[in-house]
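Please read it with the structure open.

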Amino acid sequence: MNRLEKLILDIKKQLFPYHHEHDIARGCERWGVQDGDCLTSWVAGQLEICRKKNKCADKGMCVFYSYSDLARKNFEICQEVILVFENGEARCNFIEDAEER
């Protein structure tokens, strides 16, 4: 198993905790969920968790920037990225997915 395959498997395990690997694989195959879709879902989920944990929405600023103009802009970018992922307007691709197109 190469590094990319291990990463994909780890992401799928995080998205579907307490499910057997074979059930996850069959479910993804059945519903046409590609590896890029899993990565997109994981990234969007991590952004949501980060925002909730750091209470960025209360201030409208990202806590990872010390300058307020950068913090506000990053908060807006983060919010837009989450919306774009959720609406399906963009998705993460692995190189293998991009070559198939």
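1. Start at Phe94. Leaving aside residues up to four places away in sequence, Phe94 touches Leu4, Leu7, Ile8, Asp35, Gly36 and Leu39. Keep in mind that this is a predicted model.

2. Phe94 also belongs to the largest nonpolar core. That core has ten residues in all: Ile8, Ile11, Ile24, Cys28, Cys38, Leu39, Ala44, Phe85, Cys92 and Phe94. H1, H2 and H3 are the elements that give two or more residues to this core. H3 gives the most, with three residues.

3. Now take helix H1 (residues 3-15) against helix H3 (residues 35-54). The two pack at an angle of about 55°, and their axes are 10 Å apart. H1 and H3 are therefore oblique to each other. Their crossing is left-handed.

4. Which residues in H1 and H3 meet? From H1 come Ile8, Ile11, Lys12, Gln14 and Leu15; from H3 come Asp35, Cys38, Leu39, Ser41 and Trp42. Sorted by class, this contact has six nonpolar, two polar and two charged residues.

5. H1 also meets helix H2 (residues 21-31). Their axes come within 10 Å and cross at roughly 95°. An angle of 65 to 115 degrees counts as roughly perpendicular, which makes H1 roughly perpendicular to H2.

6. The H1 side of that contact is Leu9, Lys12 and Lys13, and the H2 side is Glu21, Ile24 and Cys28. By class there are three nonpolar, no polar and three charged residues. Lys12 of H1 is listed here and also in the contact with H3.

Key
Residues are numbered from 1 along each chain as its sequence is written. This is a predicted model: local features need pLDDT of at least 70, side-chain atom pairs count only at pLDDT 80 or more; totals for chains, interfaces and linings use all residues. Side-chain values use heavy atoms; hydrogens and water are left out. Axes are lines fitted to C-alpha atoms, for helices over the stretch in contact, and angles run from 0 to 180 degrees between N-to-C directions. Helices (H or I, at least four residues) and strands (E, at least two) are DSSP runs, numbered from the N terminus. Angles under 35 degrees count as roughly parallel, over 145 as roughly antiparallel, 65 to 115 as roughly perpendicular and the rest as oblique. Contact means heavy atoms within 4.5 Å. Ala, Val, Leu, Ile, Met, Phe, Trp, Tyr, Cys and Pro count as nonpolar, Asp, Glu, Lys and Arg as charged, and the others, Gly among them, as polar. A crossing is left-handed if the near helix is turned anticlockwise from the far one by less than a right angle, and right-handed if clockwise. A nonpolar core is a set of buried Ala, Val, Leu, Ile, Met, Phe, Trp, Tyr and Cys residues joined through side-chain atoms within 4.5 Å. Buried means under 20% relative accessible area, exposed over 50%, partly exposed in between (1.4 Å probe, protein chains only).
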